[in-house]
Amino acid sequence: MKRERLAILGASGSIGASTLDVVSRHPERFEVVALTAQRRWEVLLEACRRFHPRWVVLGEADAAGALREALRREGMATEVREGPSAFAEVARHPEVDTVVAAIVGAAGLPPAWAAACAGKKILLANKEALVLAGGLFMEAVAKHGARLLPLDSEHNAIFQALPPDYDRNRPDDFGVRRLVLTASGGPFRERPLETFPDITPQEACAHPNWSMGRKISVDSATMMNKGLEVIEAYWLFGLPPSRIEVVIHPQSVVHSLVEYRDGSLLAQLGTPDMRTPIAHALGFPRRLEAGVKPLDLVRLGRLEFARPDVRRFPCLRLAYEALREGGSAPAALNAANEVAVAAFLQGRLRFDRIPAVIEATLAQLPRRELDTLEAVLEFDRLARDRAERVLGREGA
Ligand code: NAD
Ligand code: MG
């Protein structure tokens, strides 16, 4: 049987590592043909030794040069490409069947878009792409016959709990009443609110249940991650915001649920380990061994659920508001959040001021209809500029 040819975008990250781990368990089924990273060439070198891809792409030219030299010394034939446009080139390459879109942030949109327009099978972790350009992206997927499978654990759970022929344009025909996204509540679910100004990047990146990249870890701590996921769910599954609910579930074992008209609630459960949704999407519709520890229900004992506190997590409210408003508002939300999170990680902004910076940026931006990819990317730049200016006035 011909092996499925994979391009893994964001291969040096947390999702990239989990994907390579699952893929390494099935060498007869998958061939890694392309790997990408922005800068960490040593991680790609190690992956080249294990998977011998045809191409690697690095965003930064210095890193590409270093990797080229190291590969030459080891006598490996992998070709090194560089620069942002090379991400999209491998994503649309005719010798790639499936694209794992695991770049963090808006930078992941152009290559994911290229994959959609080339009709690829896309395993999507990069939720920001849908937040920025959900309508256009879903149109491109449909128009070019691409196949979109969610890797985000909540959306993968919902995908698993929906009927196989589910059509996002007609949720009511399938009796879907609402979607319930679970959220761990992050590391600060119970931390006294008055200590929020003291939160350090290290504390924010220490998630109780998941080990993830730094940006998404901060998003989980503010719960903007769940807000972005509500928007992601809207585009993937076609339910209005009033029918997408968020519930706190500290154990992160129920990964999300679908409620049907007849009262049934279908959930997907498992050990919190991203290799499960990754293996599900890689193998779909067949199940693959993922190396994940089975869930011991008896040892777990109980599952808890609670309503999120929007005073503690204003980012969740901001995301719902942006989704309800539509147009360019979700793109503005995403850009302001990326700028604010980067500033927090660099020690330029206090944790508790992240939502304020986002809200102030949103208030200052014009509203637009973004009906081309270029318009989205241009608006993203404008929103980042505006967010930087708002930050400048913060004086952290
Ligand atoms: P990470 O920070 O560990 O890795 C990010 C990857 O993106 C790296 O390979 C990096 O080189 C690449 N990258 C960064 N900036 C880039 C740029 N400007 N151009 C090209 N490549 C760039 O992040 P992660 O935790 O693996 O998350 C990746 C994506 O998956 C995010 O969108 C995140 O929201 C989503 N996601 C992650 C998890 C998780 O458990 N980590 C779960 C669900 C969804
Ligand atoms: Mg998630």
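A polar contact is a pair of N or O atoms within 3.5 Å; within protein, one atom must be able to donate a hydrogen and the other to accept it, and residues adjacent in sequence count only if both atoms are side-chain atoms. One such contact, of 2.9 Å, joins the side chains of K215 and E128.

This is a predicted model, in which local features need pLDDT of at least 70, side-chain atom pairs count only at pLDDT 80 or more, and totals for chains, interfaces and linings use all residues. Residues are numbered from 1 along each chain as its sequence is written, chains are lettered from A and ligands numbered from 1 in the order in which they are written, and side-chain values use heavy atoms, with hydrogens and water left out.

**K215**

K215 sits in helix α9, residues 214-222. Helices (H or I, at least four residues) and strands (E, at least two) are DSSP runs, numbered from the N terminus. K215 counts as buried because its relative accessibility is 13%. Buried means under 20% relative accessible area, exposed over 50%, and partly exposed in between, with a 1.4 Å probe and protein chains only. The K215 side chain also makes a polar contact of 2.7 Å with the side chain of D219. Beyond neighbours within four places in sequence, K215 is in contact (heavy atoms within 4.5 Å) with V104, E128, L228, N337, E338 and V341.

**Ligand 1**

| Residue (backbone N or O) | Distance to an oxygen atom of ligand 1 |
|---|---|
| G10 | 3.2 Å |
| I15 | 2.9 Å |
| G213 | 2.8 Å |

Taken alone, ligand 1 exposes 830 Å², and the protein buries 86% of that. These areas come from the Shrake-Rupley method with a 1.4 Å probe; for residues, only the protein chains shown count as cover.

**Helices α5 and α4**

Helix α5 spans residues 109-117, and seven of its nine residues are buried, so it is largely enclosed by the rest of the structure. The buried ones are L109, P111, A112, W113, A114, A115 and A116. They pack against β1 (4-9), α4 (84-92), β5 (98-101), β6 (121-124), α6 and α16 (373-394). G119 follows α5 with a positive phi, near 70 degrees.

In α4, A86, F87, A88, V90 and A91 are buried. The buried residues of α4 pack against β1, β2 (30-37), β3 (55-58), β4 (79-82), β5 and α5.

Strands β10 (254-260) and β11 (265-269) pair in the antiparallel sense over four bridges. Two strands pair if DSSP finds at least two bridges between them. V254 has L269 of β11 as its bridge partner. Four residues lie between the strands of this hairpin, and G263 in the turn has a positive phi of about 100 degrees.

**L370**

L370 lies in the loop between α15 (354-364) and α16. L370 is buried, at 15% relative accessible area. Its C-alpha is separated by 8.1 Å from that of A133, 237 residues apart along the chain. Not counting residues up to four places away in sequence, L370 touches L136, S328, A331, A375, V376 and F379.
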